[in-house]
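Please consider the sequence and the structure shown here. The paragraphs below lead through selected features in turn.

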Amino acid sequence: MFENHKIFETEIAGQKISFETGKLCGLSNGSCLVRYGETTVLVNVTMSEKPRDGIDFFPLSVDFEEKLYAVGRIPGSFMKREGRPSQNAVLSSRCVDRPIRPLFPDDMRNDVSVVMTVLSVEQDFSPEVAGMIGASFALHISDIPWNGPLSCVSVGLVDGNLVLNPNSAQRKASKLDLTVVGSAEKIVMIEAGADQVTEDVMLDAIKTAHAEIKKMVAFIEDVRSRIGKPKIPFTPVEVDAGMFGAVKEFAADKIRYALDTDDKNIREARLAPVKDEILAHFAGQYPEREGELEQCIYKLQKYVVRRWLLDDGKRVDGRGMDDIRALHAEAGIIPRVHGSGLFTRGQTQVLTVTTLGPVSDSQRVDGIGDEDFRRYMHQYNFPSYSVGETRPNRGPGRREIGHGALAERALEPVIPPVEEFPYALRLVSEVLSSNGSTSQGAICASTMSLMDAGVPIKAPVAGISCGLISEDGRWMTMVDIQGLEDFFGDMDFKVGGTHKGITAIQMDIKVDGLTYDIIEEAFEKCRKARLHILDDIMLAHLPAPREELSKYAPKMLTLTIDPEKIREVIGSGGKVIQRICAECDVKIDIEDDGKVFVLSADIENARRAVSVIKTIAEDPEIGAFYRGKVTRLMPFGAFVEIAPGKEGLVHISKLDLERVEKVEDVVSVGSEVLVKVTEIDAQGRINLSRKDALLAMKKKEGENAGRK
């Protein structure tokens with residue numbers, strides 16, 4: 001029945017991987033079932049028969065679909081089915097989109113869809129790696145025009161050694177989480193999170209990954225030579241050379257003047273009348289061809305910017321290639337929040353606000369990975385006003401999610417562990433103005449915000465981007481690219497890090513890849529710029545985290561109890577813990593290993609709650625003092641609760657310094673009294689003495705008076 005069914009097997013990083021075709025999804029332009037360990041990903045690529053009319057972009061969609069049945073879970077939502085993509089799914093989609101997009105024809109307008117459906121997951125074998133390689137495999141054997149193939153490898157750094165496609169245990173111990181995508185000759189994408197790894201080690205990891213990538217690329221090329229479909233003929237749609245020549249001759253100087261400023265508002269104000277003038281001038285010569293004229297105007301702007309950079313060594317705003325725009329950093333600008341930081345670079349400006357909460361506020365992760373909760377959360381918002389536009393806010397898109405995740409990755413290595421700083425952290429970066437590399441501005445603003453909040457970060461982190469212009473074998477890089485250089489350039493190489501090393505990388509390119517020389521130069525330029533931003537701007541304003549948390553931040557105390565005592569602290573139906581929370585005005589979280597987190601706006605309330613919990617979890621000691629509450633009166637004495645569910649008897653003879661005739665003469669139900677534990681009998685019954693407690697207080701008062 002399946003005449004074209006074939007299975008192709010090879011190895012990647014020493015592990016078997018197979019690609020099955022010809023059995024499933026017969027109506028796609030190309031498909032494969034990737035089996036990597038027991039991780040299984042179904043990849044389909046399709047293309048519309050005709051190009052879309054009236055658009056000036058390539059309509060590519062890439063979806064990484066996480067199915068919870070892949071890890072044996074039922075979705076936790078009310079509908080019990082997968083909803084919108086998780087953050088991991090969005091990031092995985094972006095990691096496939098970015099490398100494959102530049103390899104399609106520049107002016108392609110056919111809709112292309114790449115769908116990676118994760119069917120099963122073995123945590124030691126990355127579904128993201130399988131999906132990326134599967135997408136390259138399916139595209140290359142299909143009839144869709146595409147200049148591949150590519151391959152993908154992840155790299156870890158465990159005990160100082162580079163590990164390709166690390167397993168789950170190695171990933172947890174690794175100081176590096178690097179994903180590299182490349183062709184046979186070049187590096188096409190780099191995505192990394194790292195624990196302050198040096199540039200030399202990072203470059204070595206990239207080269208090591210590329211050596212493995214080349215083997216898979218050769219394998220995919222061989223498969224295509226055997227079963228690949230003929231590519232659908234594609235005729236590039238070139239701008240009319242005569243029209244472009246005429247527009248260039250008429251308006252080149254006008255465009256140069258309009259672009260030659262460091263102010264985005266001035267540039268756009270200058271460009272608007274020039275565009276109108278060009279369209280009006282050529283309306284008669286090229287009737288009903290306004291769309292083509294607008295393409296010529298775009299091409300002319302690109303031509304001017306690239307000629308300035310490549311031929312004249314000139315940047316749009318007059319800076320040198322290694323010059324950074326004017327910088328400003330500030331902390332504590334928003335009242336009442338737990339921490340805030342503002343970072344400005346030229347016309348790019350980002351405000352980050354830090355909020356601290358109990359560990360129980362950690363985000364639950366409902367996905368196919370082995371992460372259940374996220375204690376540190378970073379979110380990034382890009383409102384329309386930041387670029388001077390008007391559009392309704394429809395929530396974060398893939399770009400916003402990706403930029404927030406990049407900032408989170410950059411800062412995660414310096415966030416103190418929960419044992420040292422028992423809080424959940426939420427950072428929100430609001431882009432106030434955008435003219436290039438807002439994600440790196442978010443990293444800088446977030447560092448300022450964390451330090452303002454008093455979070456004892458291990459080291460401050462800054463971010464900067466490096467751009468690229470390349471043509472006919474010539475290339476040059478420039479640091480701190482602004483929007484126009486990103487728009488008309490070939491690369492946005494974003495690097496975040498500390499004084500010690502790199503913590504995050506994200507690379508976007510519009511060419512077919514980068515050489516090692518370009519990557520090495522970008523690393524060095526970003527390193528120098530990062531140190532300047534850290535030392536001369538950020539730390540000059542706020543040299544270290546504030547010594548105390550904001551008075552508006554919740555105060556947290558921690559203790560560890562015997563896990564066997566957790567049941568007693570919680571109580572039947574949660575009655576005990578609820579009572580402690582209500583009486584002490586605190587919030588309490590207890591983990592299975594006995595860690596207890598007590599949070600309150602008032603540190604004294606937290607201390608009181610800790611004392612109560614200790615009393616419950618620890619057996620009372622003879623000679624210890626407690627402040628308790630009278631619960632019952634008897635003719636022979638009073639019962640005093642020294643902790644919820646734990647009470648002892650104060651005999652009438654031990655109620656006061658003087659002889660007591662009636663218990664009611666000294667205490668009443670609800671009275672708070674200081675008592676001393678005098679005896680714990682074989683049955684665990686506690687005997688208390690108010691008399692001994694009063695004597696101890698008198699003695700202490702006498703000693704204090706003597707010292708004066």
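Predicted model: local features only at pLDDT ≥ 70, side-chain atom pairs only at ≥ 80, totals over all residues.

Helix α2 spans residues 127-141 and helix α4 spans residues 199-227; their axes come within 9 Å and cross at roughly 30 degrees. Because angles under 35 degrees count as roughly parallel, α2 is described as roughly parallel to α4. The crossing in which α2 passes α4 is right-handed.

Which residues form the contact between α2 and α4? From α2 come Ile133, Ser136, Phe137, His140 and Ile141, and these meet Met216, Phe219, Ile220, Glu221, Val223, Arg224 and Ile227 of α4. By class, the residues of this contact comprise eight nonpolar, two polar and two charged.

With a threshold of 30 Å³ or more, the count is one cavity. The largest cavity holds about 40 Å³ of space.

The lining of the largest cavity consists of Glu20, Thr21, Gly22, Lys23, Leu24, Ser31, Cys32, Leu33 and Leu42. Two strands, β2 (15-21) and β3 (30-36), each supply at least two residues of this lining. Which strand gives the largest share of the lining? That share, three residues, comes from β3. Sorted by class, the lining of the largest cavity contains four nonpolar, three polar and two charged residues.

Terms used. Residues numbered from 1 in each chain as written. Heavy atoms only, no water. Axes fitted to C-alpha atoms, helices over the stretch in contact; angles between N-to-C directions. Helix = DSSP H or I, 4+ residues; strand = E, 2+ residues; numbered from the N terminus. Parallel < 35°, antiparallel > 145°, perpendicular 65-115°, else oblique. Left-handed = near helix turned anticlockwise from the far one by under 90°. Contact = heavy atoms within 4.5 Å. Nonpolar A, V, L, I, M, F, W, Y, C, P; charged D, E, K, R; others polar. 1 Å grid on protein atoms, 1.4 Å probe; cavity = no way out; pocket = protein on both sides within 12 Å on 5 of 7 lines; lining within 4 Å. Points joined across faces, edges and corners; volume = space filled by probe spheres on them.
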